[in-house]
Amino acid sequence: MMYNNTMTLGLQQLNGPQISDGNALFNMLQQYAGSIGTAAMAVIIAIGGAGIQNGATAVLSGSRLAFIVLFCFTVAIALLAFALLASLKRQPSGR
């Protein structure tokens with residue numbers, strides 16, 4: 001949800017000839033993050049289904065564990081975002 005804004009703000013910091021290199025770097029980082037996330041979820045699903053003989057049940061169990069892990073990350077990120085907003089509101093605006 002924030003990738004496009006981050007990319008736009010990041011590319012605005014570059015000079016004209018460097019924008020295409022910056023765009024390539026952002027695309028490379030997005031692909032790299034996607035592959036790491038896919039590999040991490042595959043490992044979590046495999047761990048969650050370890051020891052279960054039925055393949056469908058193993059995938060179901062592993063997927064449940066992956067959902068729980070991702071839900072915990074989502075809650076942690078939301079709490080950190082709210083904490084950041086609260087700390088920004090408490091600071092005097094000296095701009």
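Which residues in α2 meet which residues in α3? In this predicted model, in which residues are numbered from 1 along each chain as its sequence is written, local features need pLDDT of at least 70 and side-chain atom pairs count only at pLDDT 80 or more, whereas totals for chains, interfaces and linings use all residues. Side-chain values use heavy atoms, with hydrogens and water left out.

On the α2 side, the contact (heavy atoms within 4.5 Å) is formed by M41, I44, I45 and G48, which meet A58, V59, S61, G62, S63, L65, A66, V69 and L70 in α3. The helices themselves are DSSP runs (H or I, at least four residues), numbered from the N terminus.

The axes of α2 and α3 come within 7 Å and cross at roughly 125 degrees, where axes are lines fitted to C-alpha atoms over the stretch in contact and angles run from 0 to 180 degrees between N-to-C directions. That angle makes α2 oblique to α3, since angles under 35 degrees count as roughly parallel, over 145 as roughly antiparallel, 65 to 115 as roughly perpendicular and the rest as oblique. The crossing of α2 and α3 is right-handed, a term that applies if the near helix is turned clockwise from the far one by less than a right angle.

Helix α1 (residues 3–12) packs against helix α2 (residues 19–48) at an angle of about 150 degrees, with the two axes 10 Å apart. The helices α1 and α2 are therefore roughly antiparallel to each other, and α1 passes α2 in a right-handed crossing. In this contact, Y3, T6, M7, G10 and L11 in α1 meet I19, G22, N23, F26, N27 and Q30 in α2, and the residues of the contact divide into five nonpolar, six polar and no charged. M7, found in helix α1, has 14% relative accessibility and so counts as buried (under 20% relative accessible area, with exposed over 50% and partly exposed in between, for a 1.4 Å probe and protein chains only). When residues up to four places away in sequence are not counted, M7 touches N23 and F26. M7 and L65 are 58 residues apart in sequence and 32 Å apart in space, C-alpha to C-alpha.

The buried residues of α2 are G22, F26, M41, I44 and G48, and these pack against α1 and α3. By contrast, I36, found in helix α2, counts as partly exposed at 44% relative accessibility. The 30 residues of α2 should span 44 Å at 1.5 Å a residue, which agrees with the 43 Å between its end C-alpha atoms; the expected span is 1.5 Å times one less than the number of residues.

For helix α3 (residues 55–90), the 36 residues should span 52 Å at 1.5 Å a residue, in agreement with end C-alpha atoms that are 53 Å apart. A58, G62 and A66 are buried in α3, and what covers the buried residues of α3 includes α2.

Key
Helices (H or I, at least four residues) and strands (E, at least two) are DSSP runs, numbered from the N terminus. Ala, Val, Leu, Ile, Met, Phe, Trp, Tyr, Cys and Pro count as nonpolar, Asp, Glu, Lys and Arg as charged, and the others, Gly among them, as polar.
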